[in-house]
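Trainee: I would like to go through the labels used for this model and see what stands behind each of them. Can we take them one at a time?

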Amino acid sequence: MTPNINYHETVFGGSASTLAILSAWSLLNTRLHNAGLDCTLVIQRNSMEYEKPIKGEFTATAYIPITENWEKFLRAFARMGKARITVVSTLRLETDRVGLFQGEFVALQR
């Protein structure tokens with residue numbers, strides 16, 4: 001059996017969730033690095049919706065749902081040394097959306 005494939009020959013849910021979390025974490029980590037902030041980034045909570053079976057290679061694309069949230073996040077971090085933000089990651093199989101992740105991440109000053 002192929003790794004990360006279940007007995008239905010679809011992607012194992014834990015693997016899909018892991019890719020979604022890594023997508024969101026990577027987006028934040030890159031943005032924090034580009035902003036010159038030295039911090040620890042952790043996930044506080046998340047939800048994952050599996051909308052369709054994933055039968056093949058898929059992608060995860062992360063984004064911050066409201067542009068203004070990034071500036072608010074940066075201001076809170078500068079003021080308190082910690083900040084919280086929500087990130088969404090969409091899973092796609094070709095052009096079909098097959099999953100939706102929403103996670104709340106916390107940045108803590110080192």
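Mentor: Start with a definition: a residue is buried if its relative accessible area is under 20%, and exposed if that area is over 50%. Keep in mind that this is a predicted model. Both W70 and F73 are buried.

Trainee: What makes E104 buried or exposed?

Mentor: The relative accessible area of E104 is 16%. The limit for buried is under 20%, so E104 is buried.

Trainee: And why does N34 get its label, buried or exposed?

Mentor: N34 has 61% relative accessibility. Exposed begins over 50%, so N34 counts as exposed. N34 lies in helix α1, residues 13–34.

Trainee: How many aromatic pairs does the structure hold?

Mentor: It holds one aromatic pair. The ring centres of W70 and F73 are 5.2 Å apart, and a pair needs centres within 6.5 Å.

Trainee: What makes the pair of W70 and F73 stacked?

Mentor: Their planes are at 25 degrees. Planes under 30 degrees apart count as stacked, so this pair is stacked. W70 and F73 are three residues apart in helix α2 (residues 67–80), which separates them by about one helical turn.

Trainee: How do you know that R31 lies over the face of W70?

Mentor: R31 is at 5.0 Å from the ring centre of W70. The distance limit is within 6 Å, together with a limit of within 35 degrees of the ring normal. R31 is listed as lying over the face of W70.

Trainee: What joins the side chains of E104 and R84?

Mentor: A polar contact of 2.9 Å, where the cut-off is within 3.5 Å. E104 sits in strand β4, residues 96–109. Among the residues that E104 touches are V42, I43, R84 and T86.

Trainee: In what order do the strands form the sheet?

Mentor: Four strands form an open sheet in the order β1-β4-β3-β2, with antiparallel pairing. β1 (39–50) and β2 (59–63) are at the edges because each has a single partner strand, so one side of each has no neighbour in the sheet.

Trainee: How do you know that β2 and β3 pair?

Mentor: Five bridges join β2 to β3 (residues 82–93), and pairing needs at least two. The two strands run antiparallel. A62 stands opposite S89 in β3.

Trainee: Which strands does α1 touch?

Mentor: α1 packs on the sheet and touches β1, β2, β3 and β4. α2 lies across β1, β3 and β4, at about 145 degrees to β3.

How values were computed
Residues numbered from 1 in each chain as written. Predicted model: local features only at pLDDT ≥ 70, side-chain atom pairs only at ≥ 80, totals over all residues. Heavy atoms only, no water. Phe/Tyr/Trp six-rings, centres within 6.5 Å; stacked < 30°, edge-to-face > 60°. Buried < 20%, exposed > 50% of the residue type's maximum accessible area, 1.4 Å probe, protein only. Polar contact = N/O pair within 3.5 Å; in protein donor to acceptor, adjacent residues only side chain to side chain. Contact = heavy atoms within 4.5 Å. Axes fitted to C-alpha atoms, helices over the stretch in contact; angles between N-to-C directions. Lists of a residue's contacts leave out its neighbours within four places in sequence.
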